[in-house]
Amino acid sequence: MVTSMKKKFDFIANWKMQFNFDEEMQFAASHYDNLIKLKQTTESKIILCPSFLSIYPLSKIFDKTNIEVGAQDCSKHNRGSFTGQVSAKSLSFAGANYCIIGHSETRKEYNESDSDIAQKFAQLISYRISPILCIGENEEEFKENKVIGRLTQQLEKIFNQINSTLKVSSYLDVYIAYEPTWSIGTGNVSSVDHLDTIFSWLYKQTQKIQDHINWKLLYGGSVDSKNIGDFKKIEHLNGFLLGKSSLNFDEFKKIIE
Ligand code: PGA
């Protein structure tokens, strides 16, 4: 007998700096019961990535629930004279089990290189925080058919260190979020055909590297309740990184359901 199992996806809310501290607390308080119910009924993983300040209080509020908390960035350093930075170790103590790195907005704002991001990746692995590594091409690269080349470049240092120095002692989820920069916050989305090609390629790349890593592939960029249905059909996709549509609980709920 053939049984059809519904695929489960992970939903990661990247709140960026769209809420103030009080609004983040308010979101958690007013949607606490609904978030837990949503998690239970859909059995999807729900990870909220607020600003640094809200990580600790949110992880306390959602303690003993299945709603998880992540950060939006971390320092590439372990400790030292790095004014304004937050270490992976601090994030771990504050209750973040996940951390976005290499988002196109931080790459641009802080002029981050792929080797900076590889160092952040290593920091996260050493404190057993699941990295959510963002990669993606810009519009010009997309138009010139240079997507795979760009992604290869962005993954190279990470894969090299996993194959050489980096030790992942026991199984850890590691996310790769493919987010074309021309799609983030613009309402322009990739075609399902394009995404099928990219995710099949990404899947093959990650399967070559297993070393205690449970790879999960995400798509991000203008995902909403109207286009999510098409994306959910993509074979190797495990979830979504949501910006704008994670700020409105009703929209967020529709997407997850
Ligand atoms: P968006 O953002 O959903 O608002 O396009 C996604 C992201 O930047 O992670």
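This is a predicted model: local features need pLDDT of at least 70, side-chain atom pairs count only at pLDDT 80 or more; totals for chains, interfaces and linings use all residues.
**Ground rules.** Local features need pLDDT of at least 70 and side-chain atom pairs count only at pLDDT 80 or more, while totals for chains, interfaces and linings use all residues. Residues are numbered from 1 along each chain as its sequence is written, and side-chain values use heavy atoms, with hydrogens and water left out.

**Barrel.** I looked up the sheet and found a closed barrel of 8 strands, running β1-β2-β3-β4-β5-β6-β7-β8 with parallel pairing. Strands here are DSSP E runs of at least two residues, and helices are H or I runs of at least four, numbered from the N terminus. Pairing takes at least two DSSP bridges between two strands.

Gly70 has Tyr98 in β4 as its bridge partner.

Next to the sheet, I saw helix α2 (residues 52-61) packing on it and touching β2 (45-49) and β3; contact means heavy atoms within 4.5 Å. The direction of α2 makes about 160° with that of β3. Such angles run from 0 to 180 degrees between N-to-C directions, and axes are lines fitted to C-alpha atoms, for helices over the stretch in contact.

**Helix pair.** How do α1 and α2 cross? The axes of α1 (residues 21-42) and α2 come within 10 Å and cross at roughly 15°. I therefore noted α1 and α2 as roughly parallel to each other, a label for angles under 35 degrees.

For the contact, I listed Phe21, Glu24, Met25, Ala28 and Tyr32 in α1, which meet Leu53, Ser54, Pro57, Leu58 and Ile61 in α2.

Technical notes. Angles under 35 degrees count as roughly parallel, over 145 as roughly antiparallel, 65 to 115 as roughly perpendicular and the rest as oblique.
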